[in-house]
Every structure is written in C-alpha cells, then in structure tokens.
Amino acid sequence: PPTSGSRCEALGVVFAAAALHRSITWTMARFVARFSKVFLRESFPRAIMTPKSFPRPRGVHARVGLRSLTRYDETTVNVDWQKKLTPEQYFVTREKGTELPFSGIHLNNTEQGTYHCVCCEAVLFSSETKYDSGSGWPSFWQIHGAVNNDESNTNALRRPDNSMGSTGTELICKKCDAHLGHVFDDGPEPTGHRFCINSVALTFKPKSIQ
C-alpha cells in the first residue's frame, strides 16, 4: 500500500500540474487578447470601429437648425405620414429613400401640367421645364416659381447631403420637409441644373383640369 509520503508526493505533482495549467491558460489569454487588438487595428479602418462612424437614422425634424430654413405648414407638422402615404411614398419622402431608376410613373409623362408634393400638394415643377436626362428619374431644369437662379419664392429648398459618402445637394419640400430628390449641375441651358426627382414624391395635375 502507498505510504503517506508517496501520497503527499502525488498530491504535490497534481497541485504543480494545476498551477502550470493556470499559468499557461492565463498566458494564452493575454496573448489572444493582445493579438486580437493588433489584428483588428491593422485589418479594419479605425472609422469602422468607432461608434461615431455608424450611420444614424435621420429624423424628419431632427435638427432644430434646419427648421429656420423651411417654411413649414403648421397643418402638416403632426400628420401621421405612415397612414397618409403608401409604404414606398413614406420610404422616399420621410426616410429619404430612392426609388429604382426607370420605375417611376412620371418618368415618361409628356402631358402638360404641374407636379406637386405628394405629401402636402405644394406645387413644385412645371411640365415646361421637364426633360429626358436619361438618368432614369424625372428631371427638370428649373423649380416652379423660380426666376433665373432665384428660388426664394418656390416651394422647394436645397440643402447639403453627405449621406452618399460625398457632398451632394438634396432637394426638399419647403412646406412639409419631404425628401424629393437631388440637384446636379449637369443640366441643360438656361440654368445648367438637373433636378433629379423621385416619381413617388410627386403627384401630377394636368393643365386641362387646372
């Protein structure tokens, strides 16, 4: 039978093995943690890892500073847009989405009349300034009511848009803040502007019934 001395010696070996196991585990954990930090820092841009870089939903009236630029119609402030609009109209006008190119109902419309905001009925464009830009969206070279490049008396407003990774120009409705589309400087004369507008953001009223 094993003596007390041999039992003590065996227990000593077990304790030593357990201590060695803890030491190795602790060392490996430190190595993995350090390696992970180095790997992530080298493999991914810092901007992706920081919380500030993740896109945040843009509220319709999220920033007070923008309100001073918009001539809000008080009757539209508390409208339940999800009930008033179709899902596609809501996505484009209230969540600043974009319809698929060449899918809009107004893209190939050549009838005489005016185009209005689908949310609040404000008149935005005339068929007289509509043209085929080949972009896949209804395009206009001037906002209804503008005089040359003076758009102060129109129902649309430009504002900077950095959501696509580069600085662009968004066009919104002055009366209800609906997102309409974007403005580009590659349009025809006399303005040189291309107002690229989502069909679902517009309603059309023929000249014959106005």
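Ring pairs join Tyr-115, Phe-125, Phe-140, Phe-195 and Phe-204 into a cluster. Two rings of Phe, Tyr or Trp (taking its six-membered ring) pair if their centres lie within 6.5 Å; planes under 30 degrees apart count as stacked, over 60 as edge-to-face and the rest as tilted. Keep in mind that this is a predicted model, where local features need pLDDT of at least 70 and side-chain atom pairs count only at pLDDT 80 or more, while totals for chains, interfaces and linings use all residues. Residues are numbered from 1 along each chain as its sequence is written, and side-chain values use heavy atoms, with hydrogens and water left out.

By the ring rule, there are four aromatic pairs. Here are two to look at:

| Pair | Centre to centre | Angle between planes | Geometry |
|---|---|---|---|
| Tyr-115 and Phe-140 | 5.2 Å | 70 degrees | edge-to-face |
| Phe-125 and Phe-195 | 5.9 Å | 55 degrees | tilted |

Tyr-115 belongs to strand 1 (residues 113–117) and Phe-140 to strand 4 (residues 139–140), so their pair ties together parts 25 residues apart in sequence. Phe-125 in strand 2 (residues 123–126) and Phe-195 in strand 8 (residues 194–197) are 70 residues apart, and their pair links distant parts of the chain. Strands here are DSSP runs (E, at least two residues), numbered from the N terminus.

Phe-125 is buried at 0%, and Phe-195 is buried at 1%. Buried means under 20% relative accessible area, exposed over 50% and partly exposed in between (1.4 Å probe, protein chains only).

Note on methods: Helix = DSSP H or I, 4+ residues; strand = E, 2+ residues; numbered from the N terminus.
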